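Let's take a friendly walk through this model, starting with the overall fold and ending with the charged side chains. Keep the structure open beside the text as you read.

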Amino acid sequence: MRVDGRLNNETRNIKFTRNYTKYAPGSVLVEFGDTKVLVCATVENSKPKWMDRNSISGWVTAEYSLLPASTNIRCTRERAKISGRTQEIQRLIGRSLRACIDLEKLGERTITIDADVIQADGGTRVASICGGYVAICDVIKKLQQEGELLENPIIEPIAAISAGIVDGEVVVDLNYSEDCKAEVDGNIVLTKSGKIVEFQTTAEGGTFAKSELDKIFEYANDAIQNIIMMY
């Protein structure tokens, strides 16, 4: 039995509160149990300067931050220089969301996802990806309503979840206390059709078997399909 009474293949209570802020065209408060992330999506009618000027493609990028009081010990606000961990998470969020969008259909636009962790209890990066997808959907819906986009550029929905091995058992959606002692830790991003976008699974304290890897994927896929139905 897990510390919070969940079954091994059971997620925490997951909730999406859309239109959470006034000004962002896409905003959502994402809750994975006690993890709470505010995700906002904004649009610029231009593409990044590094892109080929003859390209008609758009871009999706992400910024991520842990607010100072989001953890039990105050973390320092990142200003001039961001940490390697933050850079890694930002890249994960960005490339995960780009995987579900036809960038040419998006046109010469840049959608920026801002994921700010209000409260951290494990799974902040996967919550940010799920919230980012919801926020992008709302942005695209508004662009279509305004006649700015004639065709929906979303290829198919995606979602993400953490999974791993704790005390010798495969579990899904680890909270912080589980994550701290996990023998295997993973972050999985899948499409609705079950295609793999990211499958980051690492042994923290030892090796693990392929049968356990298969079980991690099974639990993660089931959880992700349930999350997609919540959208």
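This is a predicted model: local features need pLDDT of at least 70, side-chain atom pairs count only at pLDDT 80 or more; totals for chains, interfaces and linings use all residues.

## Overall fold

The chain's secondary structure comprises five helices and nine strands; both are DSSP runs, with helices taken as H or I over at least four residues and strands as E over at least two, numbered from the N terminus. Following the sequence, these elements come in the pattern β-β-β-β-α-α-β-α-β-β-α-β-β-α.

Residues are numbered from 1 along each chain as its sequence is written, and side-chain values use heavy atoms, with hydrogens and water left out.

## Extent, surface and contacts

The C-alpha trace spans about 50 × 40 × 30 Å along its principal axes. The accessible surface of the chain is about 11,700 Å², and carbon and sulfur atoms account for 48% of that area; the areas come from the Shrake-Rupley method with a 1.4 Å probe, and for residues only the protein chains shown count as cover.

Of the 231 residues in the chain, 48% are buried. Buried means under 20% relative accessible area, exposed means over 50%, and partly exposed lies in between (1.4 Å probe, protein chains only). Among contacts between residues at least 6 apart in sequence, 67% join residues at least 24 apart, where contact means heavy atoms within 4.5 Å.

## The five-stranded sheet

Five strands form an open sheet in the order E1-E2-E3-E5-E4, with mixed pairing. Its edges are strand E1 (14-18) and strand E4 (59-66), each of which pairs on one side only. From one strand to the next, the twist averages 20°. Two strands are said to pair if DSSP finds at least two bridges between them.

Strand E5 (residues 110-119) and E4 run parallel, paired over eight bridges. Within this part of the sheet, tyrosine 64 has alanine 115 in E5 as its bridge partner, and tryptophan 59 stands opposite threonine 110 in E5. E3 and E5, by contrast, run antiparallel and are joined by nine bridges. Valine 43 stands opposite isoleucine 111 in E5.

## Helices on the sheet

Which strands does helix H1 touch? Helix H1 (residues 84-98) packs on the sheet against E4 and E5, and its direction makes about 145° with that of E4. Helix H3 (residues 124-145) also packs on the sheet, touching E1, strand E2 (26-32), strand E3 (35-44), E4 and E5, with its direction at about 40° to that of E3. The axes are lines fitted to C-alpha atoms, for helices over the stretch in contact, and angles run from 0 to 180 degrees between N-to-C directions.

Serine 96 belongs to helix H1. Is serine 96 buried or exposed? Serine 96 is buried, at a relative accessible area of 0%. Apart from neighbours within four places in sequence, serine 96 contacts Ile129, Ile158, Val189, Val197 and Glu198.

## Salt bridges

There are 14 salt bridges in the structure, each defined by a side-chain nitrogen of Lys or Arg within 4 Å of a carboxyl oxygen of Asp or Glu. One of them joins arginine 2 to glutamate 178 (2.7 Å, N to O). This pair links distant parts of the chain, with arginine 2 in the segment before E1 and glutamate 178 in helix H4 (residues 176-181), 176 residues apart. Arginine 2 is buried at 7% relative accessibility, and glutamate 178 is buried at 4%.

Aspartate 4 and arginine 6 form another salt bridge (2.8 Å, N to O). Aspartate 4 is partly exposed at 38% relative accessibility, whereas arginine 6 is buried at 6%. Arginine 109 and glutamate 148 also meet in a salt bridge (3.8 Å, N to O). That pair links arginine 109, in the loop between helix H2 (103-106) and E5, with glutamate 148, in the loop between H3 and strand E6 (158-166), 39 residues apart. Arginine 109 is buried, with a relative accessible area of 11%, while glutamate 148 is partly exposed at 44% relative accessibility. Finally, salt bridges with shared partners join Arg2, Asp4, Arg6, Arg12, Asp121, Asp173 and Glu178 into one network.
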